[in-house]
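Then read on with the structure beside you.

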Amino acid sequence: MSGSSASLQPPADAVKPVRHPDAPAPGELLGAHYGACFGCGSEQPHGLHLQARAGEGVSITAEFTVQPAHQGAPGLAHGGVLATALDETLGSLNWLLRTIAVTGRLETDFVRPVPVGATLYLEAEVTAVAGRKIYSTATGRLDGPDGPVAVRADALFVEVKVDHFVEHGREAEIKAAMSDPDQTRRARAFEVNP
Ligand SMILES: CCCCCCCCCCCCCC(=O)SCCNC(=O)CCNC(=O)[C@H](O)C(C)(C)COP(=O)(O)OP(=O)(O)OC[C@H]1O[C@@H](n2cnc3c(N)ncnc32)[C@H](O)[C@@H]1OP(=O)(O)O
């Protein structure tokens, strides 16, 4: 594992994460939490279209195939795009806790170059919870779920209220998302309990 900074070490009073009783069953696809999300939404032509699946406990697996629009160097994925894939996968974990949370800190190791056309096999889990702070870790592998690690990350998500989005998001998008007729998607975007 990478040597993450002190602020990503859970404090002594941290507890193990508890999977919400209504969390999707292991193996179930989560679907996009927001159609326009750059990480998982289907309405972003150049987005990652990342597909996350619930795992056992508080864990997630996800896949993302690098497209030509995701290049940094010729034929290789941009590091920021790979960080997005990790961030999105880690963010999906919060749905298993039924907690609304945003990324406070994301520390990423880029271990191997990731070519265009490659599929990144991601897995992530919550390792600890301390009050509003959710500690989690993720890896992205090449050539299959057991292939070599290409990227990894440790993160701290901070629980927020719905007001976080209402106060800071642009009004037009907030209004549209709030009135999304897809109840589950709306709940994933804005509510703890659908
Ligand atoms: C249901 C699911 C819903 C999903 C909704 C859709 C979104 C998800 C989609 C997924 C998309 C992908 C995900 C995305 O892209 S999420 C988008 C990217 N992230 C953001 O935009 C977040 C921007 N930041 C903030 O809004 C605030 O800074 C937050 C809310 C994070 C904290 O400000 P707030 O005023 O509220 O709290 P606080 O400052 O008292 O801090 C509280 C505690 O946390 C600790 N701390 C804070 N920051 C850091 C740090 N950097 N390193 C280490 N520690 C940090 C802090 O020391 C304190 O600890 P303690 O003193 O208590 O011990």
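Predicted model: local features only at pLDDT ≥ 70, side-chain atom pairs only at ≥ 80, totals over all residues.

Residues are numbered from 1 along each chain as its sequence is written.

Start with the shell around the ligand. There are 21 residues around the ligand. A residue is near a molecule if its C-beta atom, placed from the backbone, lies within 6 Å of it. Ser 7, Gly 91, Val 102, Gly 104 and Arg 105 come nearest. Helix H1 (79-97), strand E3 (101-110), strand E6 (149-159) and helix H4 (183-190) each supply at least two residues of the shell. H1 gives the most, with five residues. Helices (H or I, at least four residues) and strands (E, at least two) are DSSP runs, numbered from the N terminus.

What is the shell made of, by residue class? It divides into seven nonpolar, eight polar and six charged residues. Here Ala, Val, Leu, Ile, Met, Phe, Trp, Tyr, Cys and Pro count as nonpolar, Asp, Glu, Lys and Arg as charged, and the others, Gly among them, as polar.

Now look at the backbone. His 49 sits in the segment before strand E1 (51-54). Its phi is near 50 degrees, a positive value in a residue other than glycine. Asp 143 lies in the loop between strand E5 (133-141) and E6. Phi of Asp 143 is also positive, near 70 degrees.

Are these residues buried or exposed? A residue is buried if 20 or more other C-beta atoms lie within 10 Å of its own, exposed if 12 or fewer, and partly exposed in between; C-beta atoms are placed from the backbone. His 49 has 18 C-beta neighbours inside 10 Å, so it counts as partly exposed. Asp 143 has 11, so it counts as exposed.
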